Amino acid sequence: MSDFLDNMARLSAGRAAAVRVSDAEIAAAPAVVPLVLNRFDVIAEIKEHSPAEGALAAAGHDRVRQAQDYAAGGAAAISVLTEPSRFAGSLQHLRDVVAAVPQKPVMRKDFLVETVQVREARAAGASGVLLIATMLDDAKLEELLNSAFDLGMFVLLEAFTDSDLARIGALLDNPVFEKRAGQGQLLVGVNTRNLRTLEVDAARLAELAPLLPAARCVAESGIATADDAALAAAAGYHLVLVGSALMRSDEPARLVSAMRAAG
């Protein structure tokens with residue numbers, strides 16, 4: 001790892017070292033909301049700042065209303081950025097969204113490196129977490145996956161390269177993880193944004209499509225229109241994760257619905 005991703009991993013490890021989560025806190029959290037998938041779905045994101053694009057929401061942005069619009073548009077799940085230093089996120093944002101849309105699964109999107117952060121997400125009400133394959137060695141990745149599954153959560157496992165997808169494919173040779181993928185509890189994402197450089201390569205979705213494993217696969221970053229969603233679906237992806245375009249849209253519910261229909 002290097003550059004932006006390396007910095008995010010270092011900062012995340014520092015945050016994780018300070019976290020303590022009791023079983024009682026997890027037991028008191030809102031119940032896990034199952035992820036229900038259709039032929040094509042949208043994971044809609046609450047992201048108030050992007051290190052590549054700057055502010056995506058004005059001061060005082062109503063994230064509760066944004067999340068409710070996503071739900072009204074039929075989003076399968078809502079992703080919430082909780083990374084504080086470069087994305088202006090927090091766990092309170094996640095709690096706010098969980099309370100606003102209790103019928104929808106909410107996913108913590110962050111640079112998670114320790115199991116305590118998965119537990120922290122569950123205690124805040126998350127029903128899913130994002131894990132970035134390239135940040136975690138095989139042992140640590142399996143540890144975090146098992147922690148999430150033990151808590152009843154779904155996982156979006158993110159890849160950037162063919163080698164990431166090869167590792168994920170090997171992981172799915174394990175019958176336990178293969179079963180989770182078959183149940184839609186383990187999703188595999190391909191991010192067109194290189195988190196080392198923050199550059200987007202839209203061609204990556206098509207280039208890596210032949211290497212997608214036998215799982216529900218998610219196209220991430222660079223999806224802005226219904227036509228983009230249709231292209232992702234044609235390439236073999238089952239979901240899109242959309243943040244910036246929805247945050248900037250005057251009608252996010254309509255855009256979510258249009259992407260779902262196009263896919």
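Select Ser221 first: leaving out residues up to four places away in sequence, Ser221 touches Asn191, Thr192, Arg193 and Leu241. Here, touching or contact means that heavy atoms lie within 4.5 Å. The model is a predicted one, in which local features need pLDDT of at least 70 and side-chain atom pairs count only at pLDDT 80 or more, while totals for chains, interfaces and linings use all residues. Residues are numbered from 1 along each chain as its sequence is written, and side-chain values use heavy atoms, with hydrogens and water left out.

Ser221 sits in the loop between β9 (217-220) and α10 (226-235). Helices (H or I, at least four residues) and strands (E, at least two) are DSSP runs, numbered from the N terminus. Is Ser221 buried or exposed? Ser221 counts as buried because its relative accessibility is 18%; buried means under 20% relative accessible area, exposed over 50%, and partly exposed in between, with a 1.4 Å probe and protein chains only.

**The largest pocket**

Two or more lining residues come from each of β6 (128-132), β10 (239-242) and α11 (244-248). The pocket holds about 370 Å³ of space. A pocket is an open set of points on a 1 Å grid over the protein atoms alone, with protein on both sides within 12 Å along at least five of seven lines; a cavity is a set of points where a 1.4 Å probe fits but cannot get out, and lining residues have an atom within 4 Å of a point. Grid points are joined across faces, edges and corners, and a volume is the space filled by probe spheres set on the points.

**The cavity**

How many cavities of 30 Å³ or more does the structure hold? There is 1. The largest cavity has a volume of about 30 Å³. To display its lining, select Ile46, Lys47, Glu48, Val80, Leu81, Phe87, Ala88, Gly89 and His93.

**The phenylalanine cluster**

Next, select Phe4, Phe87 and Phe111, which ring pairs link into a cluster. The structure has 4 aromatic pairs, counted for rings of Phe, Tyr and Trp (its six-membered ring) whose centres lie within 6.5 Å; planes under 30 degrees apart count as stacked, over 60 as edge-to-face and the rest as tilted. Phe4 and Phe87 are an edge-to-face pair, because their ring centres are 6.3 Å apart and their planes stand at 70 degrees. Phe4 lies in helix α1 (residues 3-17) and Phe87 in the loop between β4 and α4, so this pair ties together parts 83 residues apart in sequence. Phe4 also forms an edge-to-face pair with Phe111, at 6.3 Å centre to centre and 75 degrees between the planes. That pair links helix α1 to the loop between β5 and α5, where Phe111 is found, 107 residues away. Phe4 and Phe87 are buried, and Phe111 is buried too.

**Helices α4 and α5**

Move to α4 (residues 91-100), where Leu91, His93, Leu94, Val97, Val98 and Ala100 are buried. They pack against β1 (41-46), α3 (63-72), β4 (77-81), β5 (106-109) and α5 (115-123). At the start of α4, zoom in on Ser90: one of its side-chain oxygens comes to within 3.2 Å of the backbone nitrogen of Gln92.

In α5, the buried residues are Thr115, Gln117, Val118, Glu120, Ala121 and Arg122. Their cover includes α1, α2 (23-27), α4, β5, β6 and α6 (138-150). After α5 comes Gly125, with a positive phi near 105 degrees.

Select Leu141 in helix α6. Leu141 has a relative accessible area of 4% and is therefore buried. Beyond four places in sequence, Leu141 touches Leu131, Leu136, Leu157 and Arg167.

Which residues have the most contacts inside the largest nonpolar core? They are Leu131 and Tyr237, in a core of 89 residues. A nonpolar core is a set of buried Ala, Val, Leu, Ile, Met, Phe, Trp, Tyr and Cys residues joined through side-chain atoms within 4.5 Å. End the tour at Tyr237: setting aside neighbours within four places in sequence, its contacts include Phe40, Val190, Arg204, Leu205, Leu208, Ala209, Cys217, Val218 and Ala232.

Methods:
Polar contact = N/O pair within 3.5 Å; in protein donor to acceptor, adjacent residues only side chain to side chain.
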